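Work through the exercises below with the model open. Try each task before reading its solution.

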Amino acid sequence: MFYSPYRNNDKAIEAATELIDAHREALVKREAVVRIRGFCDSYPTVGENLAAAKNHSNQVKSYFIVHAGMKEEYYRTSNKAFPYNGMKDIVALVGIEYLNAPTDRKDSVRQTPAAAIPPAVGRTGTTREDIAGIPEPATAETPVPEPEDDRSEEELSATAESIIAQPTREIAEYRRPVPLSIKTNLLYDAVLMPSLEFEYRFSERWSINVEGSMAWWHTDRRHVYYQLAQISPEARYWFKPQGPRKGHYVGLFIGGGWYDLENGGRGYKGEGEYAGFSYGYMFPVGKYFAMEAGVGVGFLHTDYEEYLPLDGHYVYQQSGRVDYFGPLKLKLTFVWNIGCWLDRKREGKR
């Protein structure tokens, strides 16, 4: 099953046992159920993560069936393919959920006088498998008012109810990490050089970003050419784990491109390569959108040919090369978290 002495598992099991014992009568009468939630984000696919989360939840259920006299019908489980408070493999015993709650309540916890609810209700017990390197889960404990409190029974009922329901609401608000984003650099778009980027986060802190842009404008009669194209892959390290679309990153990029620039009398045509370091910051601006600001500094090398437009011909003048070190990128990027949007659409929550 799982190794109960590992880290704080034994303490979490003890707290969960107290919670179960405090409501055993309601569980036996089928008036309440133990709500267990499993979380996993260690595998590359959603299916693998859901299967692992389900296995973890079943192990915890089996433990209490064997050691605490529980039955399968006392449980309600749900499993998710995303981490819980930064932990990628965990089973969280959220609390006791009372059935047949009033229909006008948003949560499913029955209104019960606080005097009938032992202090153990205010705890969230957490158990998990023996997996090295996972940080210890926090065990929250919130005191429940004693019966001699000066408040009315209705006020005590509302207080106790909010204590039970709070962990469930916190989990419901957590958004699954978004692995794929589509972007466009608004600064490049403003100078008529449309850009498109794709970013995929393949771990909590690492991602790959591929950026491309192209401008293909020309007026032969006026000898004006504004033609260039470039592509640049970039590896990024994020200072915060993936999940919220917010945080700082540093990156290492390379790239190359082609250009033909002329303005009525002299033109330059060539190609170049570059490499450097980047820094940026992303912040959310909506349910599926974010903005990213960044800058890149590095080394650029380009070889070019200079030409003159004469009598319908482009006359070669000379060749040259430029080696440059300094700013190479400037970003103000609009980000669409298409991975999150597709997940919500599939689940019917768009």
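**Exercise 1. Which residues does phenylalanine 64 touch, not counting residues up to four places away in sequence?**

Solution. Apply the contact rule: heavy atoms within 4.5 Å. Phenylalanine 64 then touches Ile13, Ala16, Thr17, Ile20, Gly69, Met70 and Tyr75, with residues up to four places away in sequence left out.

Before going on, note the ground rules. This is a predicted model, where local features need pLDDT of at least 70, side-chain atom pairs count only at pLDDT 80 or more, and totals for chains, interfaces and linings use all residues. Residues are numbered from 1 along each chain as its sequence is written, and side-chain values use heavy atoms, without hydrogens and water.

**Exercise 2. Classify the ring pair of tyrosine 225 and tyrosine 314.**

Solution. Rings of Phe, Tyr and Trp (its six-membered ring) pair if their centres lie within 6.5 Å; planes under 30 degrees apart are stacked, over 60 edge-to-face, and the rest tilted. By this rule there are twelve aromatic pairs. For tyrosine 225 and tyrosine 314, the centres are 6.3 Å apart and the planes stand at 85°, so the pair is edge-to-face.

Now locate the rings. Tyrosine 225 lies in β8 (residues 224-238) and tyrosine 314 in β12 (residues 313-336), so the pair ties together parts that are 89 residues apart in sequence. Tyrosine 225 is buried at 14% relative accessible area. Tyrosine 314, at 41%, is partly exposed.

Compare a second pair. Tyrosine 281 and phenylalanine 283 are stacked, with 6.1 Å centre to centre and 25° between the planes. Tyrosine 281 is partly exposed at 25%, and phenylalanine 283 is partly exposed at 32%.

**Exercise 3. Which charged end sits over the ring of tyrosine 249?**

Solution. The test needs NZ of Lys or CZ of Arg within 6 Å of the ring centre and within 35 degrees of the ring normal. Arginine 236 sits over the tyrosine 249 ring, 4.1 Å from its centre. Lysine 329 lies over the face of phenylalanine 253, at 4.3 Å.

**Exercise 4. How many bridges join β11 to β12?**

Solution. Two strands pair if DSSP finds at least two bridges between them. β11 (residues 289-310) and β12 run antiparallel, joined by 22 bridges. Methionine 291 has phenylalanine 334 of β12 as its bridge partner. In this hairpin, two residues lie between the strands, and aspartate 311 takes a positive phi near 50°.

β12 also pairs with β5 (residues 180-185), antiparallel, through four bridges. There, isoleucine 182 is partnered by tryptophan 336.

Technical notes
Buried < 20%, exposed > 50% of the residue type's maximum accessible area, 1.4 Å probe, protein only.
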